[in-house]
Amino acid sequence: MEAFIKTNETYLVSDICVKASCSDGILQIPTPLDEKRFICDICEEEFSEKCHLNKHLRCHTKQKLYPCNICGKEFSQKNITVHFRTHTKEKPYSCDVCHKEFSDKHNFNRHYRIHTNEKPYSCDVCHKEFSQKGNLNGHYRAHINEKPYSCDVCHKEFSQKGHLNGHYRAHTNEKPYSCDICHKEFSQKSNLKVHFRTHTNEKPYSCDVCSKAFSQKDSLRKHYGTHTYETPYSHD
């Protein structure tokens with residue numbers, strides 16, 4: 001039987017008589033088993049405990065009640081353990097494959113997919129798969145041509161925030177990534193990664209025709225032209 005919820009009135013759900021009460025924007029619905037459900041009146045997400053709902057509400061209000069006693073940065077949740085590790089340099093999560101360490105379990109899980117090649121996020125349009133949800137979101141904008149990130153210097157627009165950050169360094173000449181071996185500096189992490197292969201002689205891109213290996217994907221692309229007899233670039 002269908003019924004409408006009214007404050008402090010008895011109503012029917014599935015022929016079971018229950019009572020509803022509403023206070024402070026929180027809707028509480030007792031069930032026959034006395035299980036309480038607390039529903040956010042903004043996004044309608046449900047919680048079994050009021051304290052969990054109160055914590056969730058701060059993501060809407062942007063209320064930040066808990067400051068770090070070292071740097072003063074404020075947080076909406078009491079547990080600031082992950083942030084605190086940026087000061088202590090503690091990294092309790094270690095990869096058992098490459099032994100890289102992480103301060104945050106979420107970042108550790110995301111890294112581990114590099115080794116397992118797990119890609120749990122797929123595009124609804126082209127079905128391309130991704131290991132990170134953020135990469136899927138950025139990819140999806142290529143289909144709808146959405147570019148929500150804009151450079152405040154030249155107004156160039158980007159579909160991903162990381163691409164904007166990398167572009168912005170062209171204006172500031174910031175080079176936050178440096179080679180551990182020769183200390184050469186780079187504005188983008190991807191460029192450092194390519195450069196590092198000059199030291200390790202790593203060549204992860206190989207031709208499936210002649211098996212010749214290359215350190216850069218672009219070099220492999222140019223090489224393919226020697227098999228197809230296509231000139232990759234015009235010299236007019």
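This short talk concerns the aromatic ring pairs in the structure shown above.

Good morning. Please keep in mind throughout that we are looking at a predicted model. A pair of aromatic rings is described by two quantities, the distance of the centres and the angle of the planes.

How many aromatic pairs does a search of the whole structure find? The search returns three. One of them joins Tyr93 and Phe108, whose ring centres are 6.4 Å apart, with 20° between the planes. This pair is stacked, because planes under 30 degrees apart count as stacked. It also links distant parts of the chain: Tyr93 belongs to strand 9, residues 93-94, while Phe108 belongs to helix 3, residues 105-116. The two residues are 15 positions apart.

Are these two residues buried or exposed? Tyr93 is partly exposed, at a relative accessible area of 25%. Phe108 has a value of 17% and is therefore buried, since the limit for buried is under 20%.

Let us stay with Phe108 and turn to its pairing with Tyr112. Here the ring centres lie 5.9 Å apart and the planes meet at 50°, so the pair is tilted. Both residues sit in helix 3, four residues apart, which is about one turn of the helix. Tyr112 has a relative accessibility of 29% and counts as partly exposed.

Finally, which residues do the ring pairs link into a cluster? They are Tyr93, Phe102, Phe108 and Tyr112. Thank you for your attention.

Notes. Residues are numbered from 1 along each chain as its sequence is written. This is a predicted model: local features need pLDDT of at least 70, side-chain atom pairs count only at pLDDT 80 or more; totals for chains, interfaces and linings use all residues. Side-chain values use heavy atoms; hydrogens and water are left out. Rings of Phe, Tyr and Trp (its six-membered ring) pair if their centres lie within 6.5 Å; planes under 30 degrees apart count as stacked, over 60 as edge-to-face and the rest as tilted. Buried means under 20% relative accessible area, exposed over 50%, partly exposed in between (1.4 Å probe, protein chains only).
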